[in-house]
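Here is a short briefing on one protein chain. Keep the sequence and the structure in view as you read.

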Amino acid sequence: VAGRFLGLTALCLVGITIAYAIVDLSDNLKWFNKYDATAAEITRFFAARLPVLASRGVPMALILAAALTTSLLATSGELLGARSCGLSGRRMLAPVWILCALAVPVDALLVNQIVPQANARASYLNRTEIKTGSGASSEGVETVWHRVGNRIYELPRTDLLSGSAGPK
């Protein structure tokens, strides 16, 4: 039972992570296109975001794998056979619940330690590689006008992350 559950959990986690990656990619296509990101930059960005996407899928993968394990045991007649031998359904599915309980601290470690680092890495790649790439377009960039005394200054480029402004 534990082996079947672990296999289904891995399969569900991979499937859910791929689904999240596809949705994330479709959400960011316009943004990647705007900055003319290369395939290598996009690949590095999603490699950095992989722990974030996987962490979102762990709870769903556990629930789905538990349901699939129970369904597969019931359809193959193993639950009925175990009941006829005197085993209760709870005892038959105890490995599933124990593995789910063991997955909670692992998921907490993933969410609290690894995901913030992955988000920081993806944000860094976004700022340093994609948005400052050679293909970055100036579309959507606004010129800033600032008045000091009787003079007006035009700043065609602003960088809010570094707090600087100046010529292009």
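What pattern does the chain follow, read along the sequence? The pattern is α-α-α-α-α-β-β-β-β. That gives five helices and four strands in the chain. Helices (H or I, at least four residues) and strands (E, at least two) are DSSP runs, numbered from the N terminus.

This is a predicted model, where local features need pLDDT of at least 70, side-chain atom pairs count only at pLDDT 80 or more, and totals for chains, interfaces and linings use all residues. Residues are numbered from 1 along each chain as its sequence is written, and side-chain values use heavy atoms, with hydrogens and water left out.

**The chain as a whole**

- The chain has 168 residues, and 28% of them count as buried. Buried means under 20% relative accessible area, exposed means over 50%, and partly exposed lies in between (1.4 Å probe, protein chains only).
- Take the contacts between residues at least 6 apart in sequence: 67% of them join residues at least 24 apart. Contact means heavy atoms within 4.5 Å.

**How the helices cross**

- The axes of H1 and H2 come within 5 Å and cross at roughly 140°. That makes H1 oblique to H2.
- The axes of H2 and H5 come within 7 Å, with a crossing angle of roughly 160°. H2 is therefore roughly antiparallel to H5.
- Axes are lines fitted to C-alpha atoms, for helices over the stretch in contact, and angles run from 0 to 180 degrees between N-to-C directions.
- Angles under 35 degrees count as roughly parallel, over 145 as roughly antiparallel, 65 to 115 as roughly perpendicular, and the rest as oblique.
- Handedness: H1 passes H2 in a right-handed crossing, while the crossing of H2 and H5 is left-handed. A crossing is left-handed if the near helix is turned anticlockwise from the far one by less than a right angle, and right-handed if clockwise.

**Helix H5**

- Helix H5 covers residues 94-130 and has a kink of about 40° at Ile114. The kink lies shortly before the proline Pro116. The bend at a residue is the angle between axes fitted to the seven residues ending there and the seven starting there.
- The buried residues of H5 include Val96, Cys100, Asp107, Leu110, Val115 and Asn126.
- What do the buried residues of H5 pack against? They pack against helix H1 (2-34) and helix H2 (39-75).

**Residues in helix H1**

- Asp24 is found in helix H1. Is Asp24 buried or exposed? Asp24 is buried, because its relative accessible area is 11%.
- Leaving aside its neighbours within four places in sequence, Asp24 is in contact with Phe46, Arg49 and Leu53.
- Gly7 also lies in helix H1. Gly7 counts as partly exposed, at 41% relative accessibility. Its C-alpha atom is 8.5 Å from that of Ala65, which is 58 residues away along the chain.
- Gly15 is another residue found in helix H1. Gly15 is partly exposed, with a relative accessibility of 37%. The C-alpha atoms of Gly15 and Ala54 are 9.9 Å apart, and these residues are separated by 39 residues along the chain.

**Aromatic rings**

- How many aromatic pairs does the structure hold? There are six. Rings of Phe, Tyr and Trp (its six-membered ring) pair if their centres lie within 6.5 Å; planes under 30 degrees apart count as stacked, over 60 as edge-to-face and the rest as tilted.
- Why is the pair of Phe32 and Phe46 edge-to-face? Their planes stand at 70°, and their ring centres are 6.0 Å apart.
- This pair links distant parts of the chain: Phe32 is in helix H1 and Phe46 in helix H2, 14 residues apart.
- Phe32 is buried, at 3% relative accessibility. Phe46 is buried too, at 14%.
- Trp31, Phe32, Tyr35, Phe45 and Phe46 form one aromatic cluster.

**The loop between H1 and H2**

- Asp36 sits in the loop between H1 and H2. It has a positive phi of about 50°, although it is not a glycine.
- Asp36 counts as partly exposed, because its relative accessibility is 44%.
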